[in-house]
Amino acid sequence: MSTTPSRILVVDDEHSITDLLSMALRYEGMDVRVAHLGRQALEAIGTFRPQLIVLDVMLPDLNGFEVLERMSRDMAGTRTPVLFLTARDTLDDKLRGFTLGGDDYMTKPFSVEELIVRVRAILRRVHGDGDNGRLELADLRLEEESHEVFRGTTSIELTPTEFKLLHYLLLNAGRVVSKSQILDRVWNYDFDGNANVVEIYISYLRRKIDSLGPPLIHTVRGVGYTLRPPPEQP
């Protein structure tokens with residue numbers, strides 16, 4: 001991962017949303033600036049030079065689509081990725097956002113955790129943060145494009161669900177994620193089954209990954225699971 005904080009510009013006229021996202025993104029180690037109007041956003045883009053913009057569509061002056069159009073016109077040759085965040089969820093709005101060059105589109109109400117995961121994914125894809133789709137922790141390596149996983153030099157065969165679970169844990173390495181968060185991200189929001197499926201798949205991963213070296217997958221009782229490197233040897 002990059003050693004310098006990623007610069008994120010959050011643009012929304014609702015102060016509660018900019019406050020929430022600023023706190024969450026700064027907690028993730030990112031450098032955050034905030035704008036509440038489209039014109040403020042354009043000024044901040046010129047001075048702050050964000051690496052990614054979280055952009056509301058329904059702003060009081062210029063809407064988010066107009067901000068992106070002006071940004072593309074005024075900063076020719078400079079590509080700044082945009083994640084649209086809006087209550088406008090029609091197909092036409094989404095198509096317009098992507099046609100103008102938006103990288104992702106989330107509708108309100110939204111999950112802060114999901115937004116952070118999408119922000120990280122855009123940064124990795126556009127700026128190469130994360131070594132072009134590679135996620136690593138200690139001697140564990142996951143290659144997103146080829147869907148390969150290695151512990152040291154040993155290749156590990158995972159099912160699609162196991163791969164998705166490991167990918168989510170690696171994205172959140174060092175943080176504790178709950179069963180409900182895992183269900184939302186790995187089994188999607190419409191999962192109606194028993195939450196014990198998470199325990200089952202965690203045990204599958206442990207058998208395949210932790211059997212090859214010091215344990216990396218840890219249970220935090222009453223909270224959830226976390227992926228963290230083994231303690232350094234004295």
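Q: Before we get going, what does contact mean here?
A: Contact means heavy atoms within 4.5 Å. And keep in mind that this is a predicted model.

Q: Got it. So which strands does α1 lie across?
A: Helix α1, residues 15–27, lies across β1, β2, β3 (52–56) and β4 (82–86). Its direction is at about 170° to β2.

Q: And α3, what does that one lie across?
A: Helix α3 (residues 64–74) lies across β3 and β4, and runs at about 165° to β4.

Q: OK, the sheet itself. What's the strand order?
A: The order is β2-β1-β3-β4-β5, in an open sheet of five strands with parallel pairing.

Q: Which strands stand at the edges, and why are they left with a side lacking a neighbour?
A: Those are β2 (31–35) and β5 (104–107). Each has a single partner strand, so one side of each has no neighbour in the sheet.

Q: How much are neighbouring strands turned against each other?
A: By 15° on average, direction ignored.

Q: How many bridges are there between β1 and β2?
A: Five, with β1 (residues 7–11) pairing to β2 in the parallel sense. If you want one to look up, V11 has A35 in β2 as its bridge partner.

Q: Switching to α2. Which residues are buried there?
A: In α2, residues 38–48, the buried ones are G38, A41, A44, I45 and F48. They're on the same side of the helix, because they cover an arc of only 115° around the axis.

Q: What covers them?
A: The cover over the buried residues of α2 includes β1, β2, β3 and α3.

Q: And which exposed residues does the face turned away from the buried side carry?
A: E43 and T47.

Q: Last topic: α7 and α8. How do their axes cross?
A: The axes of α7 (residues 179–186) and α8 (residues 196–209) cross at roughly 80° and come within 9 Å. The two helices are therefore roughly perpendicular to each other, since angles of 65 to 115 degrees count as that.

Q: Which residues make that contact?
A: From α7 you have K179, I182 and L183, and from α8 N196, V197, V198 and E199.

Q: How do those divide into nonpolar, polar and charged?
A: The contact of α7 with α8 has four nonpolar residues, one polar and two charged.

Notes:
Residues numbered from 1 in each chain as written. Predicted model: local features only at pLDDT ≥ 70, side-chain atom pairs only at ≥ 80, totals over all residues. Heavy atoms only, no water. Pairing = 2+ DSSP bridges. Helix = DSSP H or I, 4+ residues; strand = E, 2+ residues; numbered from the N terminus. Axes fitted to C-alpha atoms, helices over the stretch in contact; angles between N-to-C directions. Buried < 20%, exposed > 50% of the residue type's maximum accessible area, 1.4 Å probe, protein only. Arc of directions from axis to C-beta. Parallel < 35°, antiparallel > 145°, perpendicular 65-115°, else oblique. Nonpolar A, V, L, I, M, F, W, Y, C, P; charged D, E, K, R; others polar.
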